[in-house]
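Below are my notes, point by point, for you to read alongside the model.

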Amino acid sequence: MHRSPAQTSWPGTSPSIPEPHAHGYDRYEPNGPLIDVTQLVNADASGGIISTTADLNRFFRALLGGELLAPAQLEQMQQTVPISEEFQRVMPDAGY
């Protein structure tokens, strides 16, 4: 487990998530027992980084505050792309 002093970590090949953390539960049959499904199975393709809300806030403050990218790159990152007319009916003025 690779952990920074700021509480963000990458679990490597470990399926465990460092405590404390929220747990997720699922039920696989009607009225069956709740099963803890919190384990992280495949962290590689998804990035697999586990972070705290405080670390995420610090990252986004730095990113949007211009500390991580050159001004032109930050401006390009914040440009949205229009979505289809069909989706506009559900979410007017939305973009991605």
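Is D55 buried or exposed? D55 is buried, with a relative accessible area of 9%; buried means under 20%, exposed over 50%, and partly exposed in between (1.4 Å probe, protein chains only).

1. **Ground rules.** This is a predicted model, in which local features need pLDDT of at least 70 and side-chain atom pairs count only at pLDDT 80 or more, while totals for chains, interfaces and linings use all residues. Residues are numbered from 1 along each chain as its sequence is written, and side-chain values use heavy atoms, with hydrogens and water left out.

2. **Helix α1.** Twelve residues, 53–64, make up α1; helices (H or I, at least four residues) and strands (E, at least two) are DSSP runs, numbered from the N terminus. From first C-alpha to last, α1 reaches 16 Å, close to the 16 Å expected at 1.5 Å a residue (the expected span is 1.5 Å times one less than the number of residues). After the helix comes G66, with a positive phi near 85°.

3. The whole structure has one salt bridge, defined as a side-chain nitrogen of Lys or Arg within 4 Å of a carboxyl oxygen of Asp or Glu. R58 forms it with D55, and the closest N and O atoms are 2.7 Å apart. The two are three residues apart in α1, so about one helical turn separates R58 and D55. R58 is partly exposed at 44% relative accessible area.

4. **The aromatic pair.** There is one aromatic pair: F59 and F60 sit edge-to-face, 5.1 Å centre to centre with 70° between the planes. Rings of Phe, Tyr and Trp (its six-membered ring) pair if their centres lie within 6.5 Å; planes under 30 degrees apart count as stacked, over 60 as edge-to-face and the rest as tilted. F59 is partly exposed at 39% relative accessibility, and F60 is partly exposed at 43%.

5. **Positive phi values to look at.** Most residues other than glycine have a negative phi. N31, in the loop between β3 (25–26) and β4 (35–36), has a positive phi near 60° and is exposed at 79%. D93, in the segment after α3 (85–90), has a positive phi of about 65° and is exposed at 77%.
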